[in-house]
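I am opening a notebook page on this structure.

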Amino acid sequence: MSDPLRPGPFPDDRLPEESSEAARSGIRVVIVDDHDLIRTALRALLSCESDIEVCGDAAEGDTGATLVLDLRPDVVLMDLTMPGVGGLEATRRIVMDWPSAKVVVLTAFAEPRLVRDALTAGARGYLLKDADPSAVVEAVREAARGGRPMTTGIGEH
Amino acid sequence: MADRAAAREAPAPVRTPTPQPSGVRAAMVRFTLLSLLGLALVTLVTIPLAAWIARSIALLDAEDRTRVFTRTVAAPLLTEATREAPIGSPLELAMENRLDDGTVVHVVIWDRDGRVVWSDDRSLIGSTYPLDAEVEDLFESMGSRSEYSLAMHAGGADGVPVLEVYAAARDADGVPFVLEWYWPTSRLEAAQHETLVRILPLTIGSLILLHILVLPLTLDTARRVDAERARLAQHATAVQIMERRRLSEDLHDGVVQDLSGIGYVLPTVSRELPPGSTGRGLLERVAQVMQQDVRSIRGMIADIKPPTFAGAGFLEALDALADRTRAQGVAADVAIRGDVDALSPGARALAYRIAREGLRNTVRHSQASRALVDLDVDADAVTVRVRDDGVGPAATADVDPDRDHFGLQLLGEALREAGGQLELRAAEGGGAELVASFRPDRA
């Protein structure tokens, strides 16, 4: 997939071969979100990290679930509201076939009902899109380690 | 005891929206009051009108009878011989018969010179008086005239109401004369009474009948108008909810997503710039502002997005309301008693609206640090109290009633529709207390 926002060939803080090396052994991530800009931006953000590799993305739940079950990534970043099959249903499908999948919801909604539904569907974490970008990167790492990343304030009610 | 004393000294409610009758009831009350007013006016007009009609009829009747008597009885009996010796004449006999049967109070027969030819007051016979111009005219026209009078000319008692009739004719010798006849008013009063008895039930009865006939129509129209008003209000609310939902979805799907995406891009772009460079610092600052903006838009979306009250949505909506109030500086809590699950969606929406309005007032006017929403549900009544520890309703002098109480007025109307009421009062121990209750089966 072409990515105009992908970092240049010589990031200031590492060499290209180091990046490729890290990507091969790093955390593999699939992004499922219907917004092009979010997918592109997340891919660019995560690809800058030497230990994270975005191995695929999808614009809706149905193809997202199929892609995840096919690629078996370490972490899935899943939007909730998408046309067609939404994030909750996609998460259910993934977890049903692959119970150890680490799906982290990434959404703009913070309603307690949605948090509860997402966790019930099998999500491991719940992040808000207005969280600091570095928090998203850290959440991917935490989920990969088996943790349950949650944006501060979510799930307290 | 101290508590009881405190309770007695608790300040009286400072603002209680005046209860207003429903549209139908108000229309019927207006209609009935106007009908009664119309009835009173018609009665007031009918009584003098009936009296006037009776008087006119009595006058015409008296004039007619006098004219007939003058021409058919008096004229043939008035001869030269009678003029010469009226006492004991057949004319006097005929006149005395009428005086005896009470149809006449006082009679005078005049000749053209103003001389009294005959009168029941014998002292007048042969005397001469100046005639009124109208009476003189009768000698020419051979007509008659009548009037209602409080005085009797040419004798009789003044101050006794009588019908005064003059009728001209030619006597047996062809000499013109005028007979002045005073009828008693007993006939007039009887006629007046009879007219009133006939006219008044007719007019008032017609009005009452009209009222009875129009009443169902008015009631039906008022109900239709009320139903239409309710339908329009529901429609307006539905449109408002739809618009708010659409707006919140548009904001979420468009601006929030784009800003979030840009927020992820910025650190990536920033890394491309040399550490410590102006551009990198600027981008990091922009990224922070972007995050704040996204959070604030997300808060706006939460405010405008219509809450969902089905299932656990109601309690979550109340919690979210408390969250937003806390974010505005007032520590708000929600306490619930009773079976909330039994409430209909309409009752839940109304209870939520009371809580929202109460907390909104608290945030705007109370200067409070804490607020408590207390929801009490039972089968017959839902009561919502919103209490705060602020300055109390009496101290909010800067309140603009039009702007700040509009929400409360609308809420009051909604509550009355649901058989309830609303009161904003000073709470015991300080602060303000909004207390609203309604019937869950009517919400």
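Are B:Phe309 and B:Tyr352 buried or exposed? I looked up both, and B:Phe309 and B:Tyr352 are buried, where buried means under 20% relative accessible area and exposed over 50%, with partly exposed in between (1.4 Å probe, protein chains only).

I note that this is a predicted model, in which local features need pLDDT of at least 70 and side-chain atom pairs count only at pLDDT 80 or more, while totals for chains, interfaces and linings use all residues. Residues are numbered from 1 along each chain as its sequence is written, chains are lettered from A and ligands numbered from 1 in the order in which they are written, and side-chain values use heavy atoms, with hydrogens and water left out.

Next I looked up the interface, and I found that the contact (heavy atoms within 4.5 Å) takes 27 residues from chain B and 31 residues from chain A. Chain B and chain A bury about 2500 Å² between them, 55% of it on carbon and sulfur atoms; this is the accessible area (1.4 Å probe) that two parts lose on being put together, summed over both. I also noted that B:Tyr264, B:Arg271 and B:Arg298 supply 29% of the area that chain B buries against chain A, more than any other three residues.

Last, I looked up the charged pairs, and I found 4 salt bridges between chain B and chain A, each a side-chain nitrogen of Lys or Arg within 4 Å of a carboxyl oxygen of Asp or Glu. One of them joins B:Glu316 to A:Arg113, with the closest N and O atoms 3.9 Å apart.
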